[in-house]
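I opened my notebook beside the model and listed what to look up. The entries follow in the order in which I worked.

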Amino acid sequence: MIWVLLLSGLLSGKANAPAVGAVLEAKGTQLHLEIASDDSCRAQGLSKRTSLGWNNGMLFVFPSEQGRTFWMIDCTFDLDIAYLDRNGIIQDEQTMVAEPGVVPDLLRRYTSATDRAMYALEVNRGWLAAHFLRVGDTLRGVKAWTTRR
């Protein structure tokens with residue numbers, strides 16, 4: 001399955017929230033994304049949110065490929081994460097479980113099964129399976145999003 005990333009003019013008025021958006025489109029389904037491409041936005045991620053629309057998500061953009069580790073600090077709902085390489089090919093996907101009230105040092109870490117993760121896509125738990133998105137699939141267009149930070 002090939003996914004196409006279309007740029008859009010989505011803006012967010014939240015402090016420390018990504019200000020640029022994108023839309024992934026496949027088989028008539030659109031996934032509206034916030035883009036986290038700097039340290040501040042990547043650190044904030046989806047923390048402190050109470051929900052996420054079914055067809056919404058966040059694309060984390062890193063300056064290079066390497067192993068990545070995520071956690072669910074201050075998250076109240078479960079998420080799926082897909083780790084992608086520099087070409088937008090999904091290398092790993094995992095389900096991350098919310099752990100409200102757990103101190104950061106005790107939170108579970110979700111480490112990529114690859115050392116080639118340059119992007120990470122977070123969506124609602126079950127969204128990847130519902131849209132038949134699997135390891136080996138390509139998100140074409142993610143290379144449009146780069147960062148040096």
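What percentage of the 149 residues in the protein do buried residues make up? I found that buried residues make up 47% of the 149. I took buried as under 20% relative accessible area, exposed as over 50% and partly exposed as in between, with a 1.4 Å probe and protein chains only.

Before going on, I noted that this is a predicted model, in which local features need pLDDT of at least 70 and side-chain atom pairs count only at pLDDT 80 or more, while totals for chains, interfaces and linings use all residues. Residues are numbered from 1 along each chain as its sequence is written, and side-chain values use heavy atoms, with hydrogens and water left out.

**Entry: helices and strands**

I looked up the secondary structure and found two helices and 10 strands. Both kinds are DSSP runs numbered from the N terminus: helices are H or I with at least four residues, strands are E with at least two. Along the sequence I read the pattern β-β-β-α-β-β-β-β-β-β-α-β.

**Entry: nonpolar cores**

A nonpolar core is a set of buried Ala, Val, Leu, Ile, Met, Phe, Trp, Tyr and Cys residues joined through side-chain atoms within 4.5 Å. The largest one has 20 residues, and Leu31, Leu33 and Tyr119 are among those with the most contacts inside it. β2 (21-26), β3 (29-36), β4, β6, β9 (117-124) and α2 (127-130) each supply at least two residues of this core. The most comes from β9, which gives four residues. I also noted a second, separate core of 19 residues, which includes Phe62, Phe70, Cys75 and Ala117.

**Entry: aromatic rings**

Next I checked the rings. A pair of aromatic rings is described by the distance of the centres and the angle of the planes. Rings of Phe, Tyr and Trp (its six-membered ring) pair if their centres lie within 6.5 Å; planes under 30 degrees apart count as stacked, over 60 as edge-to-face and the rest as tilted. I counted three aromatic pairs by this rule.

Why is the pair of Phe62 and Phe70 edge-to-face? The ring centres of Phe62 and Phe70 are 6.3 Å apart and their planes are at 90°, so the pair is edge-to-face. Both Phe62 and Phe70 are buried.

Phe70 also pairs with Tyr83: the centres are 5.9 Å apart and the planes at 70°, so this pair is edge-to-face. This pair links distant parts of the chain, with Phe70 in strand β5 (residues 69-71) and Tyr83 in strand β6 (residues 79-84), 13 residues apart. The relative accessible area of Tyr83 is 0%, and that of Phe70 is 9%.

Ring pairs link Phe60, Phe62, Phe70 and Tyr83 into a cluster. Over the face of Phe62 I found Arg68, at 3.9 Å from the ring centre. For a charge to sit over a ring, NZ of Lys or CZ of Arg must be within 6 Å of the ring centre and within 35 degrees of the ring normal.

**Entry: two positive phi values**

I looked for residues other than glycine with a positive phi, and noted Asp74, with phi near 55°. Asp74 lies in the loop between β5 and β6 and is partly exposed, with a relative accessible area of 43%. Phe132 also has a positive phi near 55°. I located Phe132 in the loop between α2 and β10 (138-140); Phe132 is partly exposed at 46%.
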